[in-house]
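Morning, everyone. I'll take one structure and go through a few spots on it. Here it is.

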Amino acid sequence: MKKPHIPEQAFQQVLLLGVLAFLIAALALSSEFFLTWRNWRNIMDHMSTQMLLSIGMTFVIASGGIDLSVGGALALSGVLMGMTMKAGLAALPAILLGLTAAALMGALNGYCVSRISVTPFIVTLGTASVYRGAAIILTKGTPIYTMPPEFTWWGKGGGTALNPPILIMLCVLCAAFVILRSTRWGQYALSLGSCPEALKRLGVRVTAYRTSVYVFSGLMAGLSALIITARLNTAEPTAGVQMELDAVTAVVMGGSFMQGGRATITGTAIACVLLAVIRNGLTMLNINAHYQQFITGILLLVSVAVTEKRRSLSNKKLKSGEKGK
């Protein structure tokens, strides 16, 4: 009797859940505070920005691209919100301006990738420097402090059980799950990474869809900027440093293929929770925060190695089966 084949994504998600369960059990034994609602609300609150960026990155990687500019877009979007409010603009218009600017930054990335046919890695690496440089130039390297209460509410809330960042994260997560699995846009994003030529033959506007994926990633960076700026009550031109790398790590750890064509929102979400628990555990155990990057790098390498190994084995079995026929 043949053993049932477990898909690569499902295998990786089960593996991540096992590691997550082990960490939760170990940390619960190490500290009685770990399993309290207050601590888990803190974990989800600080995880919200990472989750939003990772969701946007999931769609980009699914389409066969990568977006290394989300950290810079986050910084510039937050700076624009802070500057416009300091200039007298009300909080809501300033937020909409910042989100629109972030979406336009994504549109610029998408235009260069889809219309000019520049490699996504090169395009977004360049625009990352442009966006962050613009944020530093506009502020002259000085953070913008003291935002109005109606703005900071988006980062802290009003003492409710779930803060606005958590609610935003959960709403976007549910929407992204449905979009990737059940909408034409989500399926086209996957097809862009696996067989873009087939989409062209079907008459699909490939360039428009590819650009829209980067617009979505930019919008997620704008939402992250709103949360971080409101939470800290400060618009930092250096905000979001290395967050793009953490987003890529979460997406790949979750089981999405870097080559595109296969992605999972569920896996991305599990990976974000795992990384957030590691971060929280290191803080709780008074371990130097620099170890977080070290552990994250090891988890990324292991997850990529496991995924590639299982994919190569699946391809070999598929080829041998075709030869047998």
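Helices are DSSP runs of H or I, at least four residues, and strands are runs of E, at least two, numbered from the N terminus. Now the ground rules. This is a predicted model, so to speak of local features we need pLDDT of at least 70, and side-chain atom pairs count only at pLDDT 80 or more, while totals for chains, interfaces and linings use all residues. Residues are numbered from 1 along each chain as its sequence is written, and side-chain values use heavy atoms, with hydrogens and water left out.

Start with Val277. Val277 sits in helix H12, residues 265-284. Buried or exposed? Val277 is buried, at 0% relative accessible area. Buried means under 20%, exposed over 50%, partly exposed in between, with a 1.4 Å probe and protein chains only. What does Val277 touch? Leaving out residues up to four places away in sequence, the list is Leu20, Leu23, Leu27, Phe34 and Trp40. Contact here is heavy atoms within 4.5 Å. Take Leu20: 257 residues away along the chain, yet its C-alpha is 8.0 Å from that of Val277.

Next, cysteines. A disulfide is a pair of cysteine sulfur atoms within 2.5 Å. The count by that rule is 0. Cys174 is in no disulfide; its nearest cysteine sulfur belongs to Cys171, 7.0 Å away. Cys174 is exposed, because its relative accessibility is 52%. Cys112 is buried, because its relative accessible area is 16%.

Last, helix H5. Helix H5 covers residues 120-139. Ile122 lies in helix H5. That's my tour. Thanks.
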